[in-house]
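Here is a short briefing on a protein fold. Look over the sequence and the structure first.

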Amino acid sequence: MRDYFESRGFIEVHTPVIQAAGAEGGAVLFPLIYYKKEAFLRQSPQLYKQILMASGLDKVYEIGPAFRAEKFHTRRHVSEFLSLDFEIAWIDSEEDVMKVLEGLVHHSLKETKKECKTELDILNAKINVPEVPFRRLTYDDVLKLLLKRDIKIEWGNDLEDSQEKILGEIMEEKGVEWYFITKYPSKIKPFYIMMDGKISRGIDLDFKGMEIASGGQREHRHDILVKVMKEKGLDPHQFSFYLESFRYGMPTQGGIGFGVERMIQQLVGMDNIRETILFPRTPERLVP
């Protein structure tokens, strides 16, 4: 993955793990005391990589830990995970983000298949290198496909893990392992995703029925960012360090967060993401 980014002019950055606010809101943050101030372990480098888009660093990426205080017990959730993020400036739409993302996956799988034959044989894993461009499905397309399996999702609700899994089975029957889901309802996407009324410019990338990456085009207009924050119940004053970089103009931009361990889990056929992490952290596991 680093080879892909470096060969395309991206700059690797390292943003703070100790942060003043969460990118997704406060419900699933790990709080800590930082010199008598409240701080949090980062959910994502989202806010910082967006700030960098105002600095002249038009293409950045980061690979590092992220933390979610979600008390889920599913095949794909842990409390600490490895996140790969990138952000690019001067985009025309979320399509520019998808092109970078599908190129990243194609390159990574092609090189892994070539360089890791011994490891893949040990794991009895076979990698299919997907052709680009990947299939694009709208949120409405997904609802129609699932309805044919007698699964009805009310418009505006997010997909559950079990529903994503069935969608993966439907797509695999069509010979498709990797696919994008686009045109999500605005109400289920975070404040920094650009909204076109009820429809957002957010995207997900799924692999065999599991969400691997999420992102899209960002909202780069200061006043609209503040408005959407308030609509989603967030206090703009808590994000003043972030909003300040948008006050005097920000280029159009987009990016994604990518779950590296989720991709490995699906590639090698592991039942649970914990099997892909050296020392997994869950709501019950703090040691070793």
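This is a predicted model: local features need pLDDT of at least 70, side-chain atom pairs count only at pLDDT 80 or more; totals for chains, interfaces and linings use all residues.

Residues are numbered from 1 along each chain as its sequence is written, and side-chain values use heavy atoms, with hydrogens and water left out.

- Eight strands make an open sheet with mixed pairing, in the order 1-5-6-13-12-11-8-7. Strands (E, at least two residues) and helices (H or I, at least four) are DSSP runs, numbered from the N terminus. Two strands pair if DSSP finds at least two bridges between them.
- Strand 1 (11–12) and strand 7 (135–138) are the edge strands, and each pairs on one side only.
- Helix 6 (residues 161–173) packs on this sheet. Helix 6 touches strand 7, strand 8 (178–182), strand 11 and strand 12. Contact means heavy atoms within 4.5 Å. The direction of helix 6 makes about 125° with that of strand 8. Axes are lines fitted to C-alpha atoms, for helices over the stretch in contact, and angles run from 0 to 180 degrees between N-to-C directions.
- Helix 9 (residues 260–268) also packs on the sheet. Its contacts are strand 6 (80–89), strand 8, strand 11, strand 12 and strand 13 (253–259). Its direction makes about 140° with that of strand 12.

**Strand 11 and its partners**

- Strand 11 (residues 202–207) runs antiparallel to strand 12 (residues 210–217), joined by six bridges.
- The two strands form a hairpin with two residues between them. In the turn, Lys208 has a positive phi of about 50°.
- Gly202 has Gly216 as its bridge partner in strand 12. Asp204 has Ser214 there.
- Strand 8 pairs with strand 11 in the antiparallel sense, over four bridges. Here Ile181 stands opposite Asp204.
- Six of the six residues in strand 11 are buried. Buried means under 20% relative accessible area, exposed means over 50%, and partly exposed lies in between (1.4 Å probe, protein chains only).
- Both faces of strand 11 are covered. Gly202, Asp204 and Asp206 lie on one side, and Ile203, Leu205 and Phe207 on the other.

- Phe207 sits in strand 11. Phe207 counts as buried because its relative accessible area is 2%.
- Beyond its neighbours within four places in sequence, Phe207 contacts Glu177, Trp178, Ile212, Met263, Gln266 and Leu267.
- Phe207 and Val176 are 31 residues apart in sequence and 8.9 Å apart in space, C-alpha to C-alpha.
- Gln163 belongs to helix 6. Gln163 is buried, at a relative accessible area of 12%.
- Leaving aside neighbours within four places in sequence, Gln163 contacts Leu146, Ile151, Ile153 and Asp158.

- Three strands form an open, antiparallel sheet in the order 2-4-3.
- Strand 2 (18–19) and strand 3 stand at the edges with a single partner strand each, so one side of each has no neighbour in the sheet.
- Strand 3 pairs with strand 4 (residues 37–41) in the antiparallel sense, over five bridges.
- Tyr34 is in strand 3 (residues 30–34). Its bridge partner in strand 4 is Lys37.
- Tyr34 is partly exposed, with a relative accessible area of 38%.
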